[in-house]
Amino acid sequence: METIILVCFLAYTVLLFAVMWATARRASNDAFFRAGRRSPWYVVAYGMIGASLSGVTFMSVPGGVYSGQFTYLPLVFGYAIGYAVIAWVLLPLYYRLNLTSIYTYLEQRFGNYSEKTGTIFFIISRLLGSALRLYLVVFVLYEFVFRAWGIPFWVPAVVFVAIILLYTFRGGLKTVVWTDTLQTTFLLLAAIITVVAILRQLGLSYGDLMLQASDAGLTRVFDTDITHSKHYLKQIVSGAFITITMTGLDQDMMQKNLTCKTLRDAQKNVLSASLLFILVNVLFLSLGAALLIYAQTTGFALPVNEAGQVVGDKIFPSIAFTLSPLTAVVFVLGMVAAGYSSADGTLTALTTTMCYDFIGFDKRGLSEQQQLKVRRWVHVGFALLFLLVIVAFRPFHTQSLIDTLFDVAGFTYGPLLGLYTFGMFTRLKVRDRWVPVVAVACPVICYILKLNAPVWFNGFHFGFEILLINGLLTFLGLCLIRERKEISK
């Protein structure tokens, strides 16, 4: 089995490099950073699915059905609202200013300290978040495949990062836009093939499966307990603001959208992607229901931790590797696709923000060759940082620590939400030097608030809506450091 998986992995990697070869020939710096702004909108929209679904989502959405049923779905409905805001509010701003790095807006609106603050928050969040997502992909494949061969953990980590570095090294975003379509295809195939395999094994139709899932209480969509973090209204509002911040204010996600030829194309891309994202999440929730019905029907023992609690993130791989060789292979390829898709765009976006917001490609008058040399060193540097985070985290791997680090990474988007809202909807100036203080203080306050909310507010739990509070506090903090004069119209 392991040999078959390795052969399929190598074949997939060869396919990736074939795409790289086709897209990166005679690639310029403009192609690396903006894909020449010639990307077809429908290609970007389809590829956005793979870019949005990390390896964590690939496992946790199906596995989350065990404890949360389909209550993840209202969050996805909120995503669609957020995508509409991106299409009609943020994209017109980015195209009007002809931005390569979206954080250049902060420099134009507030000043140099604000630009650097936004960029640093993005770098910390994306470097930590994407490296951990890639770590989880490497860890799962190591546990299920590479450990049996006695290969040390750092070897597959080096291989994964090296492959991502190599196929993005020349073409950058021009390559990533097209490889994301490949990644999305394999992600979807992994889910579809596994569901079909389970249906055939159990002799059920999809409709029969959903009826059984409903009878088993697995398809509940709306949580109406207002104190719970998954209350449906909290989910919808949170989903909207998660998308606005983690997509609309995220260089990685928006850089792909900004490769479309025109604003209208970019808007079509974003709105189409939002509808596709709902359908894809329904597919993954259906997969979760199928996995649980399979376990109930066949007596398959769900994976548990040392305390005897079911580990949702391990349900998909555990069943995929025992169901059939085909489902094992497609699961591995789906995980690989999720890992690549999450990390390749991030590596390119980190390189872009460093080159434009710190080095100042658009201000220093560097020649094409000088930009090429600097860009390549920056690209390699961030790849090494990715590898360092992945390898260094291995001895400290616990699920609670992973959750904490993801929380920390998520809190960094609140200040971005406050900065952009303040910049777009007021004409006030701020004392630029004080912006970093506000941007650091607000996430710290929100983290303390989230930890103590159950005690302070009679059992109330904050969910993703803490992001909105984080942004609101940042907005109020900017009001406190405002200057009396306003910007000119």
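Modeller: Let us start with asparagine 98, which is partly exposed, with a relative accessible area of 45%.

Colleague: Why is asparagine 98 called partly exposed?

Modeller: Buried means under 20% relative accessible area, exposed means over 50%, and partly exposed lies in between (1.4 Å probe, protein chains only). Asparagine 98 has 45%, so the label is partly exposed. Its phi is near 55 degrees, a positive value in a residue other than glycine.

Colleague: On what kind of model does this rest?

Modeller: This is a predicted model, in which local features need pLDDT of at least 70 and side-chain atom pairs count only at pLDDT 80 or more, while totals for chains, interfaces and linings use all residues. Residues are numbered from 1 along each chain as its sequence is written, and side-chain values use heavy atoms, with hydrogens and water left out.

Colleague: Is glutamine 69 buried or exposed, and why?

Modeller: Glutamine 69 has 13% relative accessibility, and therefore counts as buried. Its phi is near 50 degrees, again a positive value in a residue other than glycine.

Colleague: What makes lysine 261 exposed?

Modeller: Lysine 261 reaches 53% relative accessibility, so this residue counts as exposed. Together with Arg25, Arg38 and Lys174, Lys261 forms a positive surface patch. Patches are made of residues with over 30% relative accessible area and no salt bridge, where like charges are joined within 9 Å and nonpolar side chains (Val, Leu, Ile, Met, Phe, Trp, Tyr) within 5 Å. A salt bridge is a side-chain nitrogen of Lys or Arg within 4 Å of a carboxyl oxygen of Asp or Glu.

Note on methods: Areas by Shrake-Rupley, 256 points an atom, 1.4 Å probe, with all protein chains shown as cover. Lys, Arg positive; Asp, Glu negative; His and termini not counted. Charge placed at Lys NZ, Arg CZ, Asp CG, Glu CD.
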